[in-house]
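Please look over the sequence and the model before reading on.

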Amino acid sequence: MSEENTDSTEKSEDQTTEALHANEEILQPRNDNMEVHHHPHVHHSKKWKNYLYEFLMLFLAVTAGFIVENMREDYVEHHRAKQFSKQLLADLRLDSVMFENWKRNILGMQKGYDSLLYLLTQKTGSTDKEILEILLPITFVFDAPATASTYNQMKSSGSLRYIENTELVADLQHYYDVLLPRCTKITEASLVYFSENINPFYLKHIRIQDYDPFNDSLISKNPVIMEHSSQTNQELANIMGGFRSMLKIQAITMNEPALEKIKETIMILKKEYKLE
């Protein structure tokens, strides 16, 4: 073999060996000189003043929110209280008119009872017409159309708490929960008394064609009390005397206290909410 061929062969072997070493270096990881880059996590230590500042800001934000919410609720409650006060005032005024009418009518009827009892128990020879002319107008039965819807609504919904004036609340409760039920109860008792005593006497002794039941007035020139006698006179006197006493109790011990409480409550209500 010639020298040129020998040199060429050696060069070829050397190049092959270098290539193999280069591939090995590429395939093997470089642990020694490889630099690994990580995202830095910087930990800064906060001072206590920073924590205190953040706490104060959070506290102030929560407190401000709480105050604003309370102010909103106070406004809403005051607005509702003003609305309810107007409705209560209207209801109390209607009840006041009702009790004033009762008072006037019952006092006016007392003279009629005096005259009737005189005809039935003292005067001799009282005619049927004389008795019926006085009897019919004083057998009126009073109902109790009180207006308690606003108070009942406030009571059931807990809205009475909107009224901050404790005296006003106490007056409302005393009128609606104590006085008005008593008036209603005596009114119902009067109706029962009328149904069980006065109406049966009418059915037995008074002719329907002689009077107008709607207006409690005579329509006949010659009315008749059937089976009229001193006994029927005394029976009627007893019945109407009991009815008179019941109405007097109603007027003095129940209606008048209720009317006075209404007037007091209206004054406080108008003053508290500046109503007219």
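A cavity is a set of grid points where a 1.4 Å probe fits but cannot get out. The model described here is predicted. By this rule it has 1 cavity of 30 Å³ or more, and a search of the whole structure finds 8 aromatic pairs.

**Aromatic pairs**

- Y151 and Y176 are stacked, because their ring centres are 4.6 Å apart and their planes lie at 10 degrees.
- This pair links distant parts of the chain, with Y151 in helix α4 (residues 149–157) and Y176 in helix α5 (residues 166–205), 25 residues apart.
- Both Y151 and Y176 are buried.
- Y202 and Y211 form an edge-to-face pair, at 5.8 Å centre to centre and with 85 degrees between the planes.
- Y202 has a relative accessible area of 7%, so this residue is buried.
- Y211 is buried too, with a relative accessible area of 10%.
- F99, W102, F140 and F142 are linked by ring pairs into a cluster.

**The largest cavity**

- The largest cavity holds about 30 Å³ of space.
- Its lining consists of K103, L107, A251, N255 and E256.
- Helices α2 (48–121) and α6 (230–273) are the elements that give two or more residues to this lining.
- Helix α6 supplies the largest share of the lining, 3 residues.
- By residue type, the lining of the largest cavity divides into 2 nonpolar, 1 polar and 2 charged residues.

Conventions
Residues numbered from 1 in each chain as written. Predicted model: local features only at pLDDT ≥ 70, side-chain atom pairs only at ≥ 80, totals over all residues. Heavy atoms only, no water. Phe/Tyr/Trp six-rings, centres within 6.5 Å; stacked < 30°, edge-to-face > 60°. Helix = DSSP H or I, 4+ residues; strand = E, 2+ residues; numbered from the N terminus. Buried < 20%, exposed > 50% of the residue type's maximum accessible area, 1.4 Å probe, protein only. 1 Å grid on protein atoms, 1.4 Å probe; cavity = no way out; pocket = protein on both sides within 12 Å on 5 of 7 lines; lining within 4 Å. Points joined across faces, edges and corners; volume = space filled by probe spheres on them. Nonpolar A, V, L, I, M, F, W, Y, C, P; charged D, E, K, R; others polar.
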